[in-house]
Amino acid sequence: MILTFFKGLLREFWLLVKDPRGIFMFLVAPLLMNIVVCGAFQNGIVNHIPLAAVEMSSSAKTRELIRAFDESDRFDVTLVLQDLDEAKQKMEEGEVYGIIVIPADYTRSLQLDSRQRCLSASIVRITLSATVRLFPSCRS
């Protein structure tokens, strides 16, 4: 049984060596992909991502939240808007890479300690998307 396994393994290896596409797919392509990925992320952490904040209602707490995002090393809040469609347009134009949406009842939710609504910021760049959780204890 083990002899049959090694015969099959040897046969597959021989077919791989004879096929130039096989050599490329199993040896060259992974090596090139590692070089590209390591080169793209050589600086490690992405900082100063430009964001737009959409304030559905203006209050001291919403301004405090926006200021907290802006003061972090990761994000720069470049626009504070009242309209979500305008923020989406700015993201499509490439002026910002993400949108923070602060709902109208954000302050009231904080006061009531409501955990049904969790504030999320969607950071979208081309096809990559991630969600930043501001309240980790919230359930989605």
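Predicted model: local features only at pLDDT ≥ 70, side-chain atom pairs only at ≥ 80, totals over all residues.
Hi everyone, and thanks for coming.

Let's begin with the overall layout. The protein chain has 5 helices and 5 strands. Reading from the N terminus, their order is α-α-β-α-β-α-β-α-β-β. As for contacts, take those between residues at least 6 apart in sequence: 60% of them join residues at least 24 apart. The chain has 140 residues, and 23% of these count as buried. Its accessible surface comes to about 10,600 Å², with 61% of that belonging to carbon and sulfur atoms.

Now, the inside. In soluble globular proteins, nonpolar side chains tend to be buried together. Which residues make up the largest nonpolar core here? There are 11 of them: Ile49, Leu51, Ala53, Leu65, Ile66, Phe69, Phe75, Val77, Ile100, Ile102 and Tyr106. If you want to find this core by element, look at strand S1 (49-55), helix H3 (60-71), strand S2 (75-81) and strand S3 (98-102), each of which supplies at least two of its residues. There is also a second, separate core of 7 residues, and Ala52, Leu81, Ala87 and Ile99 are among them.

Is Thr62 buried or exposed? Its relative accessibility is 0%, so Thr62 counts as buried. Its side chain is joined to that of Glu55 by a polar contact of 2.7 Å. Leaving aside residues up to four places away in sequence, Thr62 touches Glu55, Ser57, Ile102, Tyr106 and Thr107.

Last stop, the aromatic rings. A pair of aromatic rings is described by the distance of the centres and the angle of the planes. The count for this model comes to 2 aromatic pairs. In one of them, Phe5 and Phe6, the ring centres are 5.3 Å apart and the planes meet at 70°; planes over 60 degrees apart count as edge-to-face, so that is what we call this pair. And how do these two residues sit relative to the surface? Phe5, at 52% relative accessibility, counts as exposed, while Phe6, at 48%, counts as partly exposed. The cut-off for exposed is over 50%, which is why the two get separate labels.

That's my tour, and I'm happy to take questions!

Conventions
Residues numbered from 1 in each chain as written. Heavy atoms only, no water. Phe/Tyr/Trp six-rings, centres within 6.5 Å; stacked < 30°, edge-to-face > 60°. Buried < 20%, exposed > 50% of the residue type's maximum accessible area, 1.4 Å probe, protein only. Core = buried A, V, L, I, M, F, W, Y, C linked by side-chain atoms within 4.5 Å. Helix = DSSP H or I, 4+ residues; strand = E, 2+ residues; numbered from the N terminus. Polar contact = N/O pair within 3.5 Å; in protein donor to acceptor, adjacent residues only side chain to side chain. Contact = heavy atoms within 4.5 Å. Areas by Shrake-Rupley, 256 points an atom, 1.4 Å probe, with all protein chains shown as cover.
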